[in-house]
Amino acid sequence: MSGLMASRARTAIGFSVHTGWAAAVAVSVGGSAEKPEVLARARLELLREEDGVVRFVFHSVEDKPLAEAREVVERARKATRRNALAEVKRFAEGLGAPVVAAGLAHPAGKIPVDLEMIVKSHALIHSAEGALFRDAVAQACEALGLRVERVPRKALFTQASMKKAIDGMGKALGPPWGADQKEAAALAWLALAARV
C-alpha cells in the first residue's frame with residue numbers, strides 16, 4: 001500500500017456479542033476501495049470462570065433474594081467491563097492500524113432498570129444478559145476513543161452487494177467465518193460507512 005493510500009485507510013472493529021464472549025472482526029478500507037479488507041478476527045472473553053460469576057448472570061439470580069441478586073449482577077458488571085476493556089484494547093493494539101470506529105448490533109426494545117422486574121420475566125432475563133455484555137463492549141470502545149455505531153439488527157445485510165462481499169471474504173480467509181464473523185464484519189463496515 002502506498003503512503004497516500006495508507007494515510008487514507010480507515011479501520012473499524014465490529015462485534016457480534018454473546019453471553020460472556022464476543023466475536024470481533026477488524027476491517028479496513030483504504031483510499032478509494034469500497035470493499036473492506038479483513039485485518040483480524042478473534043474471540044474476546046468478557047466473563048471468565050476466575051471472575052467468580054457465571055456467564056448467565058441474570059439466570060443465576062432469578063431465585064435469589066433481591067439484595068444478593070443485585071450484588072451478583074454488580075460484580076458481573078464490573079468484571080465484564082474490566083475484561084471488555086482489556087480484550088478490546090489488546091485486539092485493537094494488535095492490528096497495527098489506528099481504529100476509528102466500532103460497530104455493535106442494537107436490538108429492538110428497551111430493558112427496564114429495575115432488577116426485580118427483570119428477573120420476573122424470562123424474556124427480560126435474556127435481554128438483560130445481552131445488554132450487560134453489549135454495554136461493556138461499547139464502554140470499552142468509548143474508553144479507547146472509538147466512536148461506537150449502534151446499528152439496528154434489522155439493518156444488517158439489507159444490501160445484497162454487502163452480503164455477497166462478506167460471504168466472499170470467508171472463502172479467501174478460511175474458517176472461522178460463520179454467522180458471528182459475518183455479522184461483526186458487516187457491523188465494522190457499517191461503522192466505517194458512518195464515519196465518511
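## A quick tour of the fold

Let's start with helix 3: this helix covers residues 66-93, has 28 residues and reaches 40 Å from its first C-alpha to its last, close to the 40 Å expected at 1.5 Å a residue. Keep in mind that you're looking at a predicted model. The average pLDDT of the protein is 85, and 91% of the residues score at least 70.

**How confident is the model?**
- Watch out for residues 1-7, where pLDDT stays under 50.
- For that stretch, the model has four contacts beyond four places in sequence.

- Strand 1 (residues 10-17) runs antiparallel to strand 2, and eight bridges join them.
- One place to look is A12, which stands opposite V27 in strand 2.
- The hairpin of strand 1 and strand 2 has three residues between the strands, and G20 takes a positive phi near 95° there.
- On to strand 3 (residues 37-45): this strand pairs with strand 2 in the antiparallel sense, again over eight bridges.
- In that pairing, A26 has A40 in strand 3 as its bridge partner.
- Strand 2 (residues 21-29) is mostly covered, with nine of its nine residues buried.
- W21, A23, V25, V27 and V29 point one way from strand 2, while A22, A24, A26 and S28 point the other way.

- In soluble globular proteins, nonpolar side chains tend to be buried together.
- Here, the largest nonpolar core has 42 residues, and I13, F15, V17, V57, F58, F91 and C141 have the most contacts inside it.
- Elements giving two or more residues to this core include strand 1, strand 2, strand 3, helix 2 (57-60) and helix 3.
- Strand 4 (99-106), helix 4 (115-118) and helix 5 (122-143) are on that list too.
- Helix 5 gives the most to this core, with 10 residues.
- If you don't count residues up to four places away in sequence, V17 touches A22, L46, L104, F133, R134 and V137.
- A second, separate core has 22 residues, including V27, V29, V38 and A101.

**A look at Q181**
- You'll find Q181 in helix 7 (residues 179-195).
- Q181 counts as buried because its relative accessibility is 16%, and the cut-off for buried is under 20%.
- Leaving out residues up to four places away in sequence, Q181 touches A23, V25 and P176.

Conventions. Residues numbered from 1 in each chain as written. Predicted model: local features only at pLDDT ≥ 70, side-chain atom pairs only at ≥ 80, totals over all residues. Heavy atoms only, no water. Helix = DSSP H or I, 4+ residues; strand = E, 2+ residues; numbered from the N terminus. Expected span 1.5 Å × (residues − 1). Buried < 20%, exposed > 50% of the residue type's maximum accessible area, 1.4 Å probe, protein only. Contact = heavy atoms within 4.5 Å. pLDDT = per-residue confidence, 0-100. Pairing = 2+ DSSP bridges. Core = buried A, V, L, I, M, F, W, Y, C linked by side-chain atoms within 4.5 Å.
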